[in-house]
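Here is a short briefing on one protein model. Keep the sequence and the 3D view side by side as you read.

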Amino acid sequence: MSDQIKSLRSIPKTSTESRNLRLMVSKFRGATYATLNKYYYLRLRRSQRDDRQPEDNSNNNDQSTKKRGEWVTVKDNEQFKNYYKNQNILSEEEFDEFYKALQMPLPSTFRITGTRSHALSIQRLIKEVYIPAMEHITIDGAKVEPPTTLPWYPDGLGWQINATRMVIKRSPEFSKFHKFIVAETESGNLSRQEAVSMVPPLLMDIKPHQSVLDMCAAPGSKTAQIIEAVHANDNLKELPSGLVVANDVDAKRSCLLVHQLKRMQSPCFVATNHDAAHFPGIRLTDESGNITGPLRFDRVLCDVPCSGDGTIRKNDKIWTKWSQDGALELHSTQIQIFLRGVHLCKVGGRIVYSTCSLNPIENEAVVAEVLRRSKGALELRDVSDQLPELKRKPGLKTWKVITKDGKFLNSIQDLQDNNNNKNNDSQNRKFPKSVFPPDNANDLHLDRCLRIYPHLQNTGGFFVAVFDKVKPISQSEREVGDIEEDVHDDNESSNEPMKATTSAVIPTKRPISENNDDSKEMPPNKKPVREAPFELVPVNENEINQISEFYGLDCAFPRDQFLFRSEGKTVKELLEEKDVNRLNIVMTGTRAFVRQPSVESEGRMPFRLTWESIPLLDGMLSDRRRVKIACDADLQTLLTEAYPKIEQFGAETITKLEAMELGCCVFDYTTIDKSGGQPTDLTLPVWRGRASLSLLLNKNEKRALCQRIFGIIPDLETPEHLKLRSAANQLKAAESETLP
């Protein structure tokens with residue numbers, strides 16, 4: 001077979017010889033045939049990829065060059081450059097600095113999850129253990145800067161890494177830090193997120209008792225920050241009374257959202273699947289069933305879909321595909337989503353509108369139009385005193401729109417004059433009045449918007465505007481029971497939805513997989529997937545009584561808040577509303593107890609605790625199912641071995657375990673981290689078997705915890721005798737199924 005592969009490599013790549021090759025290969029049988037055919041296929045695909053020309057596009061922005069057999073994007077686009085120069089977003093000298101920054105790679109950034117009890121412990125570990133080890137690293141004679149904190153992020157919990165992949169591969173110190181970041185991210189203790197993306201939630205001023213709506217939430221990085229803010233008092237052992245609703249229009253992205261946010265361990269979280277512009281209204285009722293009003297939120301985040309040219313440093317496709325048409329296509333949708341967010345916000349509440357676009361058509365133009373339609377209900381807030389170390393520029397008061405023939409227009413009058421000269425009114429349909437600067441731009445205080453440019457602090461580009469809702473936006477909103485879902489225009493034909501003019505819009509809400517063709521946005525006419533409804537468990541349910549007795553739950557624990565898949569007082573109140581069936585709820589709450597069917601037949605407690613429920617239940621569990629371990633050796637055994645024998649632990653631990661019936665329990669331990677910080681209380685769910693223990697954490701969480709405490713990465717292989725037992729059980733089950 002090796003001789004055949006050698007001959008395969010020597011065959012020229014032409015269509016005729018390709019056909020002959022397939023005939024030659026077909027005489028082989030079995031694995032040989034499959035191997036050669038696969039090799040031929042890969043060889044042919046590679047040749048096609050290397051020989052094809054860069055993709056043609058309507059903008060004539062062919063900016064690719066061939067380097068080492070692969071096409072590499074040239075980071076330059078004259079149309080992009082000319083468009084933003086004419087917008088006068090910066091002075092000529094500063095614009096050159098801005099454009100050079102766009103051509104540089106974007107540094108990696110992450111933040112430490114601020115609500116976790118060990119956030120400060122992780123922060124000290126980074127500062128006092130990892131950073132000193134990376135301070136004197138040189139690669140090819142050049143010094144590599146260690147990670148640094150983001151100066152504007154509160155409490156020093158935001159970090160930036162300037163090291164390239166090459167540095168991570170060649171430096172053991174950076175490689176070790178990279179593995180640490182990956183492990184802690186998978187455990188939910190760190191969140192990898194672009195720096196400018198962290199800004200909008202920080203400007204929302206969220207309190208633990210407030211209800212918050214994230215209208216376009218996936219993939220969930222900003223929602224995670226919102227949940228952290230709602231859980232700000234967790235260190236005081238207080239369960240928040242707030243509510244976080246994270247919505248996305250795409251069903252797959254909603255599931256991705258749930259996957260990303262389950263690490264947050266919040267009972268206040270609800271994921272929904274709706275078109276944000278038509279998010280359903282919910283009537284609230286009192287105990288007597290009387291309607292008290294519609295569901296409104298204290299805080300609303302409208303991080304809307306956009307053309308995304310602010311992400312150009314990490315999205316090379318924008319260099320070749322950029323055009324103004326992307327912003328024009330989305331302008332109307334952005335207005336509709338924003339207006340719906342205004343309707344859903346309480347009077348006295350706050351709304352934050354944001355995009356990762358630099359285009360004023362998606363930014364100031366949308367803000368001006370919504371301010372006009374709100375008729376005084378909104379006030380654009382001055383937040384220049386917040387995040388003082390964040391460098392930003394004021395919003396634009398004037399901007400230009402470019403026509404298809406490259407002519408810049410300053411106003412709707414210029415458009416009409418241009419059309420009259422050409423006897424063509426098609427431009428009126430493409431350019432509604434709302435895309436042009438308003439006549440009262442100074443009165444709207446558009447300079448209070450935030451524009452974040454890449455060259456200011458080595459970030460991506462971003463736009464943020466913060467609003468206070470000071471009065472109802474419409475007469476219908478003043479009426480009790482209003483559940484208006486459609487945001488109607490005020491009969492101005494100039495603001496009709498625009499027809500699509502190009503397919504060059506580059507999505508900025510990250511798909512599930514950039515290489516997966518199935519991860520495209522859900523078509524507008526496709527109905528969301530309906531999930532199974534949530535149901536509250538009756539207070540006197542026998543299973544609830546068993547759980548309470550077995551684990552010694554405190555009488556103060558709210559027994560009326562158990563759901564099949566959720567818990568939380570605010571969530572419970574939402575699910576009890578008559579209109580809740582209008583919401584397509586994908587997921588809510590935190591798993592507290594999971595049934596173990598394999599032990600139920602033995603007459604033992606079938607429900608075990610989950611790792612994510614520990615922060616919620618820790619203060620409610622009595623000493624009945626608790627084991628206090630006092631030595632590092634016991635904890636290390638628990639973390640480094642898959643199923644340690646009970647006899648491997650200390651005498652005090654063995655005594656406590658032997659007096660305890662089989663089933664789930666919790667291990668308590670007070671640890672001092674490697675950086676020598678303050679003691680940290682650690683509570684771990686453990687399954688107590690007949691002869692061994694099992695820590696109820698997945699392998700990633702075990703490795704992250706062990707690496708943080710002991711500085712080692714354990715090899716968590718399942719013991720051979722347990723593998724044999726599992727195989728025997730599977731064989732036994734298969735035989736029983738085949739019996740008549």
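Which residues are buried in helix 26? They are Glu701, Lys702, Ala704, Leu705, Cys706, Gln707, Arg708, Ile709 and Phe710. Bear in mind that this is a predicted model. The points below start with that helix, move to a sheet, and end with salt bridges.

**Helix 26**

- Helix 26 covers residues 699–710, twelve in number. From first C-alpha to last, helix 26 reaches 16 Å, close to the 16 Å expected at 1.5 Å a residue.
- Most of this helix is covered, with nine of its twelve residues buried.
- The buried residues of helix 26 pack against both helices and strands. The helices are helix 6 (119–133), helix 8 (172–186) and helix 24 (632–640). The strands are strand 26 (663–671), strand 27 (680–688) and strand 28 (693–695).
- Look at the start of helix 26. There, a side-chain oxygen of Asn698 comes to within 3.1 Å of the backbone nitrogen of Asn700.
- Now look just past the other end.

- Four strands form an open sheet in the order 6-7-3-8, and their pairing is antiparallel.
- Strand 6 (148–149) and strand 8 (190–192) are at the edges. Each has a single partner strand, so one side of each has no neighbour in the sheet.
- Strand 3 (residues 108–112) and strand 7 (residues 158–161) run antiparallel and are joined by four bridges. Take Arg111 as an example: its bridge partner in strand 7 is Gly158.
- Helix 6 packs on this sheet and touches strand 3, strand 6, strand 7 and strand 8. The direction of helix 6 makes about 135° with that of strand 3.
- Helix 8 lies across strand 3, strand 7 and strand 8. Helix 8 runs at about 105° to strand 8.

**Salt bridges**

- How many salt bridges does the structure hold? The count is 22.
- Glu194 and Lys314 form one of them, at 2.9 Å from N to O. This pair links distant parts of the chain, 120 residues apart. Glu194 sits in the loop between strand 8 and helix 9 (199–202). Lys314 sits in the loop between strand 14 (297–303) and helix 12 (317–321).
- Is Glu194 buried or exposed? Glu194 counts as buried because its relative accessibility is 17%. Lys314 has 45%, so Lys314 counts as partly exposed.
- Arg373 and Glu369 meet in a salt bridge too, at 2.8 Å from N to O. They are four residues apart in helix 14 (residues 364–374), so about one helical turn separates them. An α-helix has 3.6 residues a turn, so residues three or four places apart point the same way.
- Arg373 counts as buried at 13% relative accessibility. Glu369 counts as buried as well, at 6%.
- Asp618 pairs with Arg626 in a salt bridge, with the closest N and O atoms 2.7 Å apart. Asp618 is partly exposed, with a relative accessible area of 21%. Arg626 is buried, at 11%.
- Salt bridges can also share partners: Asp205, Lys207 and Arg299 are joined into one network this way.

Methods
Residues numbered from 1 in each chain as written. Predicted model: local features only at pLDDT ≥ 70, side-chain atom pairs only at ≥ 80, totals over all residues. Heavy atoms only, no water. Helix = DSSP H or I, 4+ residues; strand = E, 2+ residues; numbered from the N terminus. Expected span 1.5 Å × (residues − 1). Buried < 20%, exposed > 50% of the residue type's maximum accessible area, 1.4 Å probe, protein only. Contact = heavy atoms within 4.5 Å. Polar contact = N/O pair within 3.5 Å; in protein donor to acceptor, adjacent residues only side chain to side chain. Pairing = 2+ DSSP bridges. Axes fitted to C-alpha atoms, helices over the stretch in contact; angles between N-to-C directions. Salt bridge = Lys/Arg side-chain N within 4 Å of Asp/Glu carboxyl O.
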